[in-house]
Structures are given as structure tokens and as C-alpha cells.
Amino acid sequence: MDTNTTAPLRPGSAPEWILHRDADGDRARTAVPAPGAQHAKPRRRPRLFRIAVTLTVLATLGAGTAAAVITAAVASRPDYPGPVAAAGGDGSASARGGGMPTVEDGFLADGASVPLSDPVPAVTQLDPALRDALGQALAAAEEDGLELRVASGWRSKAYQAWLLRDAVRTYGSEAEAARWVGTPETSLHVKGQAVDIGPYDAADWLNRHGAQFGLCRTYDNEAWHFELSPSAIDQGCPPMFRDPTEDPRMKG
């Protein structure tokens, strides 16, 4: 059988040599497509359709998996907005939900500070004895041309939890964050027993003169953080901790 052909093939057509033969063995005049060739297109189209459907399903599953991975990664970030019930729960609705703290939480914007006379919770919720000592120090500082201002004072537990999450994100680990930010359960800011003083000149003045008012800088790495230590009036301020991780009060 001669199977040579030079005729170009069209998609779905049979070669010229595929013919029915008559009783004498001659080629019939009417060419009949090879078995299945007549239906090549219908069979190919469902196969392509199945492939397309399969790819769509895989893409959907892949997108779902990727979304789940991304969601898990975002949720694991310390600044992810999540509830802080474990931190004690008190504070503004925003901060309790993991969002931005408000003035109600003792929040002051970065770089901002307020006078000791400002009726905001950051000041009014400070321990009365601490506020009284700060008032005495303020009067003395003003004689030297300086004003002691509160850069951060009392904080709600929800605000402290927000600060801790942000510190972990900033410093890369809980261990490093602990050198700068206490937990909601250990922070003396939450108890109203600590205050951050600004600007720098005022904090430096208080570091040098604060003992006579019972006000002491607590940590070597925080030039702004002061606490009340009444015994300092007679005995001087105790040695500073290198950072909060050396402070036994921060152990919980």
C-alpha cells in the first residue's frame, strides 16, 4: 500500500491514502477519515476543557492556601490588631480591640509632651505622691529656666500591650523588646508609678537634681524614665539597672 503523500494536512483531516477499497482492491473515490478523525475536535475540546477546569481548581486552591499562609503571617505580627483580654482588658475600646490607643489610655503622640497641669489621664492617673514630687521638682527647674514635661505617664494595660507588640516588631524579638518595654502586668507606668520626662535638657536636670525630691532615674538605657524613691532624699538614688531586664520587678 502506497502511504506516501505530499498533500498538506488540515487539522482533523485524514491523509489521502486512507481510503475504503472496493471489491477489486482499488481505492474508492470517497475518502473516509481515519477512525476517530471525524470526531477529533469534539474529543479535543472536552479534554482542553477538563485541563482548564483542573488548572482553575488548582489555582483557586493555591490562592486559598497562599491567603491562609499570609493571614497566619500577618496575625503572628506583634502589631496585628487583636484582642488584648489576656493583658487585663482595661483601656479604650480601640486599644482593647488591638487598635490605636487613645488619650483615654494615656496615649500621647510620638514626640509630644504635656505640662504637669494638663488634665489628661497620662498625668491625672499618676500616683498622687509621684505627682506631688514632680510638682516640687518643676518649681525648682523653672528657676533654672527649664520646664519638666510629661512625655509619657500613666498607661492603660491595653496601651501597654500595644507598646509591647510594637517593640517586638521594632526590635525583632521579645527578649530585645523587654529591654525597653514592660508587660501590662509589670510596667510601673500601668500602676501610675513611673513617668517619662522631656525634653532631654529637663530629663538631664532631673537626673542631676531629682534625689532631693525623691525622684530617681531607674534605668541606664532610659534617660527619661523616673520613679519615686522617697529614701533618696536622705540616702541618694540607688544604683540604676542597666535596663529593665535586670529589674526584679519586671519578672512578673
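Mentor: Buried means a relative accessible area under 20%, exposed means over 50%, and partly exposed lies in between. Please keep in mind that this is a predicted model.

Trainee: Is Cys-216 buried or exposed, then?

Mentor: Cys-216 has a relative accessibility of 4%, so this residue counts as buried.

Trainee: How many disulfides are there in the whole structure?

Mentor: The search of the whole structure finds 1 disulfide. Cys-216 and Cys-237 form this link, with their sulfur atoms 2.0 Å apart.

Trainee: Which parts of the chain does the pair tie together?

Mentor: Cys-216 belongs to strand S6 (residues 215–217), whereas Cys-237 is in the segment after helix H8 (232–235), so the pair ties together parts that are 21 residues apart in sequence. The link of Cys-216 and Cys-237 is left-handed, with -90 degrees about the S-S bond.

Trainee: What about Cys-237, is that residue buried or partly exposed?

Mentor: Cys-237 has a relative accessible area of 34%, so this residue is partly exposed.

Trainee: Let us change topic to strands. What joins S4 to S5?

Mentor: Strand S4 is joined to strand S5 (residues 194–198) by 3 bridges, and the two run antiparallel. Ser-152 stands opposite Asp-196 in S5.

Trainee: How does S3 run relative to S4, parallel or antiparallel?

Mentor: Strand S3 (residues 114–115) and strand S4 (residues 149–152) run antiparallel, joined by 2 bridges. Pro-115 has Arg-149 in S4 as its bridge partner.

Trainee: Now the aromatic rings. How many aromatic pairs are found?

Mentor: The search of the whole structure finds 6 aromatic pairs. One of them is formed by Tyr-159 and Trp-162, which is tilted, at 6.2 Å centre to centre and 45 degrees between the planes. Both residues lie in helix H5 (residues 157–171), 3 residues apart, which is about one turn of the helix.

Trainee: Which residues form a cluster with Trp-162?

Mentor: Phe-107, Tyr-159 and Trp-162 form one aromatic cluster. Tyr-159 is buried, at 5% relative accessibility.

Trainee: Why is the pair of Tyr-219 and Phe-241 called tilted?

Mentor: Planes under 30 degrees apart count as stacked and over 60 as edge-to-face, with the rest tilted. The planes of Tyr-219 and Phe-241 are at 40 degrees, so the pair is tilted. This pair links distant parts of the chain, 22 residues apart.

Technical notes
Residues numbered from 1 in each chain as written. Predicted model: local features only at pLDDT ≥ 70, side-chain atom pairs only at ≥ 80, totals over all residues. Heavy atoms only, no water. Disulfide = S-S within 2.5 Å. Helix = DSSP H or I, 4+ residues; strand = E, 2+ residues; numbered from the N terminus. Buried < 20%, exposed > 50% of the residue type's maximum accessible area, 1.4 Å probe, protein only. Pairing = 2+ DSSP bridges. Phe/Tyr/Trp six-rings, centres within 6.5 Å; stacked < 30°, edge-to-face > 60°.
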